[in-house]
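Student: Could you take me slowly through a single part of this structure, the open sheet and the loop that belongs with it? I would like one connected explanation, with each term spelled out as you go.

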Amino acid sequence: MDTEARQTERDRSSGSHDGTEEGSRSARSSRRLSGLPGFSGLSWGRAGLLGLVCAVFALLLSSFVVQPFLIPSGSMEPTLQVGDRVLVNKLAYRFGTAPERGDVVVFDGTGSFVQEPPGENPVTGLLHGAAAALGLAEPAETDFVKRVVGVGGDRVVCCDKGGRVEVNGRAVDERYLYAGDAPSSVPFDIAVPQGTLWVMGDHRGNSRDSRDHLGDPGGGMVPVDKVIGRADWIGWPLGRWAVLEPTGAFQDVRTPGDAAAPGGMETSGGAHG
């Protein structure tokens with residue numbers, strides 16, 4: 001009986017000691033995780049740092065490689081819908097390649113479509129610019145998305161006897177136009193200066209484009225160096241995801257050097273709704 005009693009006492013002592021030790025370890029672990037200086041504070045700090053790194057990376061990517069661009073209007077329907085986020089390829093024209101007829105481009109319209117940028121609070125402008133660069137807000141009022149119809153040296157005329165736009169004397173079959181739209185309700189006959197572009201929306205009845213600025217300084221032409229990039233993909237919403245394939249509408253258009261010398265390059269135009 002004495003031997004059993006001593007064994008029972010040792011078991012109790014050992015159990016009490018192990019339980020105390022385990023509880024002590026749990027308490028120390030809990031204190032390390034909860035404070036001193038505190039696991040939650042460290043976790044939030046790491047999360048904040050990770051978020052900042054991701055935001056900086058996204059802004060750098062948007063500034064130099066691919067920028068999301070929120071479509072704010074129906075001027076490019078049916079190709080682009082209101083609310084689409086297109087991904088603008090900023091490398092498309094960085095290495096000596098110039099915009100081509102049929103490209104859908106995003107450009108800064110300051111000096112061509114907008115003579116003076118609207119004034120705004122610097123802080124508000126910075127925050128809005130960052131949000132727009134991530135595709136979270138509408139683009140700046142000076143940024144536009146249109147389709148290139150004429151490049152430097154081209155003669156662009158509307159309309160021929162069939163009601164179509166002509167480029168360098170060749171009629172263009174613009175199948176991307178909004179259903180029921182005429183190529184233009186405003187007649188024009190223009191010569192595109194070198195280093196500039198003549199651009200138009202696909203929804204011609206709902207697009208303020210080069211036609212509307214014929215009487216402004218620059219005559220509605222967009223300088224090539226104001227092009228931000230080429231819209232190559234629709235990235236959002238997911239149901240609209242698509243690659244913006246090149247159009248074959250301009251494949252038969254001759255280069256300016258091969259085109260017959262135009263006679264009397266006059267310009268005409270009026271207000272366009």
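Tutor: In this predicted model, an open sheet is built from four strands in the order β7-β6-β5-β8, and their pairing is antiparallel. Strands here are DSSP runs of E with at least two residues, numbered from the N terminus, and two of them pair if DSSP finds at least two bridges between them. The edges of the sheet are taken by β7 (170-171) and β8 (188-191), and because each has a single partner strand, one side of each is left without a neighbour in the sheet.

The loop between β6 and β7 holds asparagine 168, whose phi is near 55°, a positive value in a residue other than glycine. Asparagine 168 is also buried, with a relative accessible area of 7%, where buried means under 20%, exposed means over 50%, and partly exposed lies in between, using a 1.4 Å probe and protein chains only.

As for how to read these values, residues are numbered from 1 along each chain as its sequence is written, and side-chain values use heavy atoms, with hydrogens and water left out. Because the model is predicted, local features need pLDDT of at least 70 and side-chain atom pairs count only at pLDDT 80 or more, while totals for chains, interfaces and linings use all residues.
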